[in-house]
Amino acid sequence: MEAERTSVKAVYDDDLVALLRALDVYGDFTAHRLRCAFCRDTITWDNLYALYPDSGAVKCCCSKPDCVEGLLAKRSEKAH
Amino acid sequence: MDEALKAIGLAIGVGAGISGWALLVYVVITIFKNPDKVDLWRALFYRMLMAFGSMFKSAHKQYVRYDLQGRVNEFARALSKEAPYLATTKVKVEYVGTETTRESFLKDDEVILRLRSNDRNERNFVHGACLITAACLLHKTRRYMAKTQREAVELYVVTKLLQREKPSVVNIYLEEYLHPKWGDGNTKIAKHYAAYDRLDKGALFFPVFLRELDFLGNKVFGGPRKGQIQAEISALIEFLDKVAQRKVGDEGDLEFNREYCRVGIVIVGRSAKIAASGAKAWVKYIRNNLEPHHTETIYLVGAPENKGVIDEVCDAFDGTYERYHSSIHDIEMKASDGTLLKRKRYIVILRVHGINVYQSAA
């Protein structure tokens with residue numbers, strides 16, 4: 001059976017600042033205005049888990065298990 | 001003396017040459033036979049480079065990537081015997097960085113997972129395994145599940161993955177993911193998790209459950225019927241839980257016929273029946289009981305010595321059912337006095353031909 005290739009995108013810390021700049025959210029990040037889309041906590045260097053696009057905006061998810069689950073559920077609904 | 005040294009030098013040189021070639025041939029054959037292992041070797045290589053500190057700055061970045069994708073793919077491959085659909089997904093971790101633009105990010109519509117350079121206790125692996133398991137391995141499976149069922153399946157499969165591939169990080173996963181959801185053990189998630197564990201102990205029934213969810217995930221439904229499908233999934237868990245806990249010789253209901261999920265388990269076991277009529281008794285049972293109910297999946301289970309009879313039963317339904325998968329498993333069964341018996345079982349899955357992907361509203 002031919003395996004289906006699924007790629008998972010990741011950003012390593014060394015490239016994170018450049019990525020946030022490229023996504024035009026670095027200013028918000030340093031000014032503590034970037035919030036978790038699920039729990040509304042401020043996104044910091046310590047709690048940033050993932051970035052994802054939603055309705056034309058760059059959204060962030062913090063590393064709380066409920067927020068991670070929220071992100072997965074959201075993506076699953078979208079795929080469906 | 002000089003001649004002797006030359007001879008020894010020549011022997012060592014030839015020996016090293018031969019062993020060098022032998023090693024190369026061995027490596028090529030091993031890579032050819034186990035392509036998934038290459039990522040793990042790469043991870044090992046970068047891990048060795050990490051020992052040199054800042055001299056190889058990007059070694060950790062590459063280690064995290066190859067370790068994660070290598071172990072996840074290895075887990076999926078190892079489970080392929082029980083759950084072949086898992087092995088159909090090969091995961092690749094792709095780093096993004098400066099080449100990404102806001103436009104390409106919004107257009108690609110993909111999650112970007114953050115992997116840390118300060119990888120305390122290898123949390124990167126735990127975070128990556130969670131995302132990959134839910135988004136890639138159980139992508140279709142989780143589609144129609146209720147939130148608590150889905151979370152419990154993910155917790156169960158990730159725990160299995162970590163226990164198998166990286167036991168050193170299991171405690172981090174328990175602390176950060178499992179315990180907060182577990183509560184006092186009476187939460188819905190804890191109850192589902194316990195049920196999955198019972199299904200898994202029967203070795204056969206957790207993969208059956210995942211496979212049925214995968215089949216459901218391959219359908220699209222007209223109208224809002226998520227509630228009904230979730231109720232069917234709950235009933236399926238109860239059904240399989242009962243089957244998993246039955247004792248050898250118990251006569252119980254082995255059919256699950258609902259609107260969207262129709263499963264029949266056929267146990268080919270009684271030697272007297274086999275001696276008297278061969279495959280005929282089971283062919284008759286399927287024709288009279290399962291076919292009229294439009295059973296979509298039939299799981300035929302029996303001792304490996306009854307393989308010939310099971311194959312004969314399958315051949316009788318060649319026109320209506322497709323032989324989807326067959327394998328031999330080690331399973332645990334309860335004897336009538338409750339003691340656990342470890343047995344090998346031959347399992348064939350028959351899937352009815354021509355199932356509609358689109359299930360119209362009733």
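Begin by selecting chain B of this predicted model: of its 362 residues, 49% are buried. Colouring chain B by secondary structure brings out 13 helices and nine strands. Among the contacts in chain B with a separation of 6 or more, 70% join residues 24 or more positions apart. Now display the surface of chain B: the accessible area is about 18,000 Å², and carbon and sulfur atoms account for 56% of it.

Next, show chain A together with chain B and select the residues in contact. Chain A contributes 46 residues and chain B contributes 46 residues. The size of an interface is often expressed as the accessible area lost when the parts come together. Between chain A and chain B, the buried area is about 4,600 Å², with 56% given by carbon and sulfur atoms. Select Lys9(A), Tyr12(A) and Tyr49(A): these supply 18% of the area that chain A buries against chain B, more than any other three residues.

Six salt bridges are counted between chain A and chain B, and 26 residue pairs are in polar contact. For one salt bridge, centre the view on Asp66(A) and Lys181(B), whose side chains meet with an N to O distance of 2.5 Å.

Finally, select the side of chain A that touches chain B. Each of β1 (4–12), α1 (13–22), β2 (48–54), β3 (57–62) and α3 (65–79) of chain A supplies at least two residues of that side. The largest share, 11 residues, comes from α3(A). Coloured by residue class, this side of chain A divides into 27 nonpolar, six polar and 13 charged residues.

How values were computed
Residues numbered from 1 in each chain as written. Chains lettered and ligands numbered in written order. Predicted model: local features only at pLDDT ≥ 70, side-chain atom pairs only at ≥ 80, totals over all residues. Heavy atoms only, no water. Helix = DSSP H or I, 4+ residues; strand = E, 2+ residues; numbered from the N terminus. Buried < 20%, exposed > 50% of the residue type's maximum accessible area, 1.4 Å probe, protein only. Contact = heavy atoms within 4.5 Å. Areas by Shrake-Rupley, 256 points an atom, 1.4 Å probe, with all protein chains shown as cover. Buried area = accessible area lost by both parts, 1.4 Å probe. Salt bridge = Lys/Arg side-chain N within 4 Å of Asp/Glu carboxyl O. Polar contact = N/O pair within 3.5 Å; in protein donor to acceptor, adjacent residues only side chain to side chain. Nonpolar A, V, L, I, M, F, W, Y, C, P; charged D, E, K, R; others polar.
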